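Today I want to look up how two chains meet.

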2 protein chains.
Amino acid sequence: MKRLPLSEVYKLIEPGPVVLLATASRGRANVMTMSWHMMVEFEPPLIACVVSEANHSFRALRTTRECVIAIPPADLAAKVVKVGNCSGSEVDKFAKFGLTKLAAEQVAAPLIGECFANLECRVTDTRLVRSYNLFVLEVLAAWTEYKGRQQPKTLHHLGYGRFAMSGKIFRLPSRMR
Amino acid sequence: MKRLPLSEVYKLIEPGPVVLLATASRGRANVMTMSWHMMVEFEPPLIACVVSEANHSFRALRTTRECVIAIPPADLAAKVVKVGNCSGSEVDKFAKFGLTKLAAEQVAAPLIGECFANLECRVTDTRLVRSYNLFVLEVLAAWTEYKGRQQPKTLHHLGYGRFAMSGKIFRLPSRMR
């Protein structure tokens, strides 16, 4: 994968795609499906996310304070849902669903080869974890596989397994970053 | 508009649409465009959002602790961008862009008639405002205009005025809410 400038990270998260969250704890990798996340700062890129304490990944995230946020293309939808339908406490999801672990540069959690973007993250603020399971992450390194504007379509969760794929792209004159 | 059960609110926010944030301060309404928001809890619905202190809305939000999050259909894109391109410190955006203010039930901020969903919100947590301009809101009442599954297409910001419209909808067997 090709390194993505950190200043570009928000363009991946701001549209609200379903993502995968990879963790590694005691030498064992795990992955969950996540849709509750948002940008908090452009640069260094900060991302807030909610990881329920009911998720097996919660403990790994809180203990190791590291993770990878990976953005799946829409055609990975079936696997994305399957990842969300089972728990890492019972299953090695990378093996079961044929997801490829790639070594990250700065964190122990793996990048996911089937995803078109991977963000290596460190937990930087846990003040709202007790109240809401809300973590603030700093993106340390970012990687992508697509070239230029050929970004794959993404998944957007509407509830209970209903998804909207991202569709037509257009541009309007804007002063917004 | 028709009342939407609070348990359904997450289905509107989780897909990551661009929204409008309406406030009212000293009898004057204002509106901004926002893309940094996420769900935090299903019910009562909690939403986190980042409103930069550079935005005129920041002060109204922090002072009145109330707002309306309105979700524009994709065909409102041109107005949504114009709302984001100017400041409420200089312009009455509702008048300038022909947006319709409707009375909310529980907050002073107005609902926006051209939006297909409106969420009346109260600020419930400001612990991360100083660090990140991050507010936690509770949705007090929710309103929609669309019937059943005829939800309008939404806007998803890719940066610098590039938007993806939500596209094809499909469903996969899922245990996720």
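Predicted model: local features only at pLDDT ≥ 70, side-chain atom pairs only at ≥ 80, totals over all residues.

How many residues of chain B are in contact with chain A? I get 54 residues of chain B touching 54 residues of chain A.

Next I looked up the area. Chain B and chain A bury about 5500 Å² between them, and carbon and sulfur atoms give 62% of that. On the chain B side I checked which three residues supply more than any other three: B:Trp36, B:Tyr160 and B:Met176, with 15% of the area that chain B buries against chain A.

Then the polar side of things. My salt-bridge count between the two chains, B and A, came back as zero. For polar contacts I find 24 residue pairs across the interface of chain B and chain A, with both residues at pLDDT 80 or more.

I went on to the elements. Those giving two or more residues to the side of chain B that touches chain A include helix 1 (10–13), helix 3 (77–84), strand 10 (134–144) and strand 12 (162–171) of chain B.

Last entry, on strand 12. In which sense does strand 12 of chain A pair with strand 12 of chain B, parallel or antiparallel? I find the antiparallel sense, over seven bridges, with residues 162–171 making up the strand in chain A.

Notes: Residues numbered from 1 in each chain as written. Chains lettered and ligands numbered in written order. Heavy atoms only, no water. Contact = heavy atoms within 4.5 Å. Buried area = accessible area lost by both parts, 1.4 Å probe. Salt bridge = Lys/Arg side-chain N within 4 Å of Asp/Glu carboxyl O. Polar contact = N/O pair within 3.5 Å; in protein donor to acceptor, adjacent residues only side chain to side chain. Helix = DSSP H or I, 4+ residues; strand = E, 2+ residues; numbered from the N terminus. Pairing = 2+ DSSP bridges.
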